[in-house]
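Trainee: I am new to this structure and would like to go through it step by step. May I put my questions to you one at a time?

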Amino acid sequence: MSHTRSLHGRLALVVAITLAVPRPARAAPAPAESGGAAPSFFEYLYAEPNSGAASGGHVAIRIGENVYHFQQVEGGILRLFRVDAARFDHSYRALGNRTLTVTRVAVPPGAAEELRWAFEGYRQRQDGEFGTLDERRRDLDLLRAWRLTGGDHGVAAVAASGYFASGDAPPEEADGSEEKARRAGLEALRRVAARIEGELGAGYLARRSRELALTIESLDEASLGEGIARRYTDLAAEWLAVELLADPPPLAAGSWVSLDVPEFALEARDRTRLRELADTVADAAVALAQSSRPDRGDPLLVALARLEALERSIASGRLVLLDPARGDEALVPTADVRASTGALRRILAERGDDFRYARDALFAPDSWDEGRLSRLELAGAAWADLAGALERGAPLRIPTPFQIPSRVAPARAYPKPALAPAVLAGAHERAARAEAAALARLRERYPYDLVTRNCVTELFAILATVPLEAHVDAAGALHFVPLAASHAVADTYPGSRAEVRPSFRVRALDAFERCDGSALATDLREASTLTAHSYTPNDADPLFLFFTDDAVALRPLLGVLNLAVGAGGTVAGAALAPWDGGTLLRRGWEGVIFSVPELAFVSLRRGTIPFAPLGWESDLRERCVAPRT
Amino acid sequence: MKYLHRTLLAAAIAASLGSSVACESFSDSSASISDIVSSPVTSLSRSSSPEIGYREGVRDHVAAQVRSGATPSAILASLAETAKRHGVSDYESNQSTYRGIGAGLKLAGQNQTGVDTFAAAVARTPEQSRWIQRGFEQGV
């Protein structure tokens, strides 16, 4: 119910403000960037409203290749995010189906870097404070688990622990060549173990394992303060790495990727390159065992798993890449995959390109960098997942956000602390208070307020810290509204140039009109969600029948029809709720709510696009009739 | 002035509502899925090499930490998360880490004495010191 009230409120305000703010004048195109010196400007980005989380529009600042924008997190804290400019454009224009108005503002020479740092410095400071909250939450999670299990939690979220087969796992079935590859991986780990013992003394691994186990078992009440989760997982990760070195297991089944495509085949020169990389990774593993980093266990586990994968690759003649995912990723609903096969096939082609690009970078004959292998692992997993879903109907995992191998073992027996229930209860309660205090500090420092502190006003506040020729008055009338603020930027910087970058639907209609040869035929077909080629109804969107964004005169009439469809969906959804989890009910009700503004000539809803390739604009230009998305 | 009545109307409505209108909440789940399936992290980063992106990340992190008064050893230890975000787990042996540190010291306004002090605290080899100096002089 609170969601519905919030939706009502937001819509009422958006309608009022949309009426209050004049439509933007037709924008002149921004001048093309000249080559050579880095451009000295920033761009103010205004994204028009759409249903969902963006009914009021959104704003951002682009500086160089990065876009900075504030979003609400934790139910009322404003957090500054940085995203790649191309990703922002794709996310808002293609997937969000929202036209961007971009106002480019020239800044004095040298001010661009100052401007960048104003935003980046803010983000760095704020990220550090959110990092504290994350750490308190990790403490809380661990102590809660210990309290519930009396310390016998059995599962620690040690990253990269999931690449190694546990003793309980059935042996992997392997033919002769696979067995040879597996043995090559194990031999490489044994050589690393021998080198470590050669440098640190015979019996080092067994001694270190006992030391680490004892340290964990000796954790007492005093050690259960802030940072206990980090300390415990550091110890557990190193303990596991030492144990694995003492008795190396093969890579766990399903923890690696190797596709039967030419790009995974290795020629002789490729194997030579991988031999160099394997030797470098082995050297790194030996060095990490002696590092003073308290968190050396994590990178050591990654290095050991990679070493096995590289040796398997060399021995088998095919690339074997670690799957970077944790292993508990959510799946994209099968119905969503089936409904978007055309778009996903184009995305699959892009994933193949990503993989080939990353492969070329890794095999380039210059210096080794770990980031290149990480990128190839990510590209391989993303490609394999999507290919499996489209070609074999396999479940499609949501690609991992982790940049390095992070597969977590579902269960391993780690050393455990011996702590009394009362001690754990006290520590848990203290951790809960620390977490609440960290959250309260963030709420106090970065509060959201509809008018005085929102994602618009805070961008202006940061801009005001940089000496520019003028500044937008963040407290000005309606300057807290994204659209009004966009006008204020243009007014404040008279030399600025604005450019409208059309949404997916606008671009699609332009393309279809050219192909159809008849604007009327295109308009008629694309007016309804039942016949449009530019849109496929999806569960994320409200229920509606007609687009009203380009039908000003007919908007109230179409709004009535949309209202009726929404109302019908609401009634039907109430009856079907036990079977569809309330999806139709929500879509119907939101359909009603977003139809009301249309009665007053205000169009907010444009529909969203579930999946779109990065090259969606060139796709549309090249196709006469695009497959339904 | 010509929009005064509309402004007042909107302001009155805004004041009467406590809801969000001008700010998105952090991506809802469906939007996140669409984003990450359509353009996973590997797909948009061809404009610069992973090394450059990592050095820039280290540069900015170090500059922010130096300005906040953190010690060199604390700054080095705090690089783990930045490194992970750029696909680097073993940041201690990575040349780009030290190039980024040098560039970060420059961005934070440190002088040569500051660079020498920092290098003495975190570099374990002469080569690492040279990489820091190179980052300080040449940027990322």
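Predicted model: local features only at pLDDT ≥ 70, side-chain atom pairs only at ≥ 80, totals over all residues.

Trainee: What span is expected for helix 6 of chain A at 1.5 Å a residue?
Mentor: Helix 6 of chain A contains 19 residues. From its first C-alpha to its last, the helix reaches 27 Å. This is close to the expected value, which is 27 Å.

Trainee: How many of the residues of helix 6 of chain A are buried?
Mentor: A residue counts as buried when its relative accessible area is under 20%. By that criterion helix 6 of chain A is mostly covered. Of its 19 residues, the number buried is 14.

Trainee: Which residues have the most contacts inside the largest nonpolar core?
Mentor: In soluble globular proteins, nonpolar side chains tend to be buried together. The largest nonpolar core here comprises 90 residues. Helix 6 of chain A, residues 228-246, gives the most to this core, with twelve residues. The residues with the most contacts inside the core are A:Trp146, A:Val192, A:Leu301 and A:Leu319.

Trainee: How many residues does the second, separate core have?
Mentor: This second core is separate, and A:Ile63, A:Leu439, A:Tyr448 and A:Cys455 are included in it. A:Leu439 is also listed among the buried residues of helix 12 of chain A. The number of residues in the second core is 43.

Trainee: Against which elements do the buried residues of helix 12 of chain A pack?
Mentor: Helix 12 covers residues 421-445 of chain A, and its end C-alpha atoms lie 36 Å apart, which agrees with the 36 Å that its 25 residues should span. Its buried residues include A:Val423, A:Leu424, A:His428 and A:Glu435. They pack against two elements of chain A, strand 4 (77-84) and helix 3 (111-149).

Trainee: Why is strand 5 of chain A described as largely enclosed by the rest of the structure?
Mentor: Strand 5 of chain A runs over residues 100-106 and is joined to strand 1 (residues 41-47) by seven bridges, the two running antiparallel. Five bridges join strand 5 to strand 10 (residues 497-501), again antiparallel. Strand 5 is called largely enclosed because the number of its seven residues that are buried is six.

Trainee: Over which residues of chain A is the pLDDT below 50?
Mentor: Chain A averages a pLDDT of 87, and 90% of the residues score at least 70. One stretch has 71 contacts in the model beyond near neighbours in sequence, yet its pLDDT is below 50. That stretch is residues 1-38.

Trainee: What percentage of the residues in chain B is buried?
Mentor: Chain B has eight helices and zero strands. Of its 140 residues, the buried share is 51%.

Trainee: Is B:Arg124 buried or exposed?
Mentor: B:Arg124 is found in the loop between helix 7 (112-122) and helix 8 (126-138) of chain B. Its C-alpha is 9.7 Å from that of B:Ser93, although 31 residues separate the two in sequence. The cut-off for exposure is over 50%. Its relative accessibility is 52%, so B:Arg124 counts as exposed.

Definitions and conventions
Residues numbered from 1 in each chain as written. Chains lettered and ligands numbered in written order. Heavy atoms only, no water. Helix = DSSP H or I, 4+ residues; strand = E, 2+ residues; numbered from the N terminus. Expected span 1.5 Å × (residues − 1). Buried < 20%, exposed > 50% of the residue type's maximum accessible area, 1.4 Å probe, protein only. Contact = heavy atoms within 4.5 Å. Core = buried A, V, L, I, M, F, W, Y, C linked by side-chain atoms within 4.5 Å. pLDDT = per-residue confidence, 0-100. Pairing = 2+ DSSP bridges.
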